[in-house]
Structures are given as structure tokens and as C-alpha cells.
Amino acid sequence: MSIMMVARCINKANFFSQTISVLLGNGSGGFVSRQDYEVGYSPQRLSLADVNLDGKLDVVVATNFDNPISILLGNGQGSFSGYKGIDLGTYAIVCDRY
């Protein structure tokens, strides 16, 4: 399954949004309609990881102000639960392996 995720803040008009967008691949090189998910205020970076070790990808989002980390648990079918905010202090960074 192809998946593309976008932190809406990349678009300056949506800088102060509280959403990310998920676009799933349609199998023909395109994407189906986007699904928006609420996260903390002003999402900055996101990463995919199996946070709860259930074998399904989850989304971790670093936000700017409230609850610097938001976690959306994946269901394995391309959708995610409502977010859980985790306050890690004033500044947070989402790291990935490079």
C-alpha cells in the first residue's frame, strides 16, 4: 500500500492548522481522496513508526505549541485513531533513522 502524509503547515495558508493529511495510493499511480486528522497545534514534522508494537504503522507528529508530540495509532487498513497528545516540554523534535 502506498501512503503519503502531509503536515498541513507546509502550506503557509495552513501554518496554524491542527491537521495532517493522509493520501493512500489507489494502485494505479495516483491517490484517493485525502483524509485529514487532527493533531496538536501547528504540526511541524511527522514520522511513521510502530509505536505500540502491534505490527501496524503509527504516526508521530511534532507540533509547535500545545502537546509537542501527537501520536495517531494505525489500524493497518490506512486509517488512524484520534490523536493522543504528549507534553515533552517547550520544544520537541521527531527523529528518524538516517
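## Overall architecture

The protein chain holds 0 helices and 7 strands, where helices (H or I, at least four residues) and strands (E, at least two) are DSSP runs numbered from the N terminus. Along the sequence, the pattern of the protein chain reads β-β-β-β-β-β-β. This is a predicted model, in which local features need pLDDT of at least 70 and side-chain atom pairs count only at pLDDT 80 or more, while totals for chains, interfaces and linings use all residues. Residues are numbered from 1 along each chain as its sequence is written, and side-chain values use heavy atoms, with hydrogens and water left out.

Of the 98 residues in the protein chain, 33% are buried; buried means under 20% relative accessible area, exposed means over 50%, and partly exposed lies in between (1.4 Å probe, protein chains only). The protein chain exposes about 6,200 Å², and carbon and sulfur atoms supply 53% of this area. Such areas come from the Shrake-Rupley method with a 1.4 Å probe, and for residues only the protein chains shown count as cover. Among the contacts with a separation of 6 or more, 30% are made by residues 24 or more positions apart, a contact being heavy atoms within 4.5 Å.

## The four-stranded sheet

Strands of a sheet pair through backbone hydrogen bonds, either parallel or antiparallel. Here, an open sheet of 4 strands has the order S4-S5-S6-S7 and antiparallel pairing; two strands pair if DSSP finds at least two bridges between them. Strand S4 (43-49) and strand S7 (84-86) stand at the edges with a single partner strand each, so one side of each has no neighbour in the sheet. From one strand to the next, the twist averages 25°, with axes taken as lines fitted to C-alpha atoms (for helices over the stretch in contact) and angles running from 0 to 180 degrees between N-to-C directions.

The pairings can be followed across the sheet. S4 and S5 run antiparallel and are joined by 6 bridges; Arg-45 has Ala-62 in S5 as its bridge partner. S5 and S6, also antiparallel, are joined by 4 bridges, and the bridge partner of Val-60 in S6 is Ile-71. Strand S6 (residues 69-72) pairs with S7 in the antiparallel sense over 3 bridges, and Ile-71 has Lys-84 in S7 as its bridge partner.

## Buried strands and the nonpolar core

In a regular strand the side chains alternate between the two faces of the sheet. In S5, 6 of its 6 residues are buried. Asp-58, Val-60 and Ala-62 lie on one side, Val-59, Val-61 and Thr-63 lie on the other, and both faces are covered. Ser-70 is found in strand S6 and counts as buried because its relative accessibility is 0%. Beyond its neighbours within four places in sequence, Ser-70 is in contact with residues including Val-59, Val-60, Val-61, Tyr-83 and Lys-84.

In soluble globular proteins, nonpolar side chains tend to be buried together. The largest nonpolar core has 9 residues: Ile-20, Val-22, Leu-24, Tyr-37, Val-39, Val-59, Val-61, Leu-72 and Phe-80. A nonpolar core is a set of buried Ala, Val, Leu, Ile, Met, Phe, Trp, Tyr and Cys residues joined through side-chain atoms within 4.5 Å. Strand S2 (19-24) and strand S5 (58-63) are the elements that give two or more residues to this core, and S2 gives the most, with 3 residues. Apart from its neighbours within four places in sequence, Tyr-37 is in contact with Gln-18, Thr-19, Ile-20, Val-22, Leu-72, Gly-78, Ser-79 and Phe-80.

## A salt bridge

Side chains of opposite charge can pair when their charged atoms come close. The structure holds 1 salt bridge, defined as a side-chain nitrogen of Lys or Arg within 4 Å of a carboxyl oxygen of Asp or Glu. The side chains of Arg-34 and Asp-36 form this pair at 3.0 Å, N to O. Arg-34 is partly exposed at 48% relative accessible area, and Asp-36 is partly exposed at 30%.

## Loop residues

Most residues other than glycine have a negative phi, and most peptide bonds are trans. Ser-42, in the loop between S3 and S4, has a positive phi of about 60° although it is not a glycine. Leu-53, in the loop between S4 and S5, has a positive phi near 55°. Ser-42 is buried, with a relative accessible area of 0%, whereas Leu-53 is exposed, with 75%.
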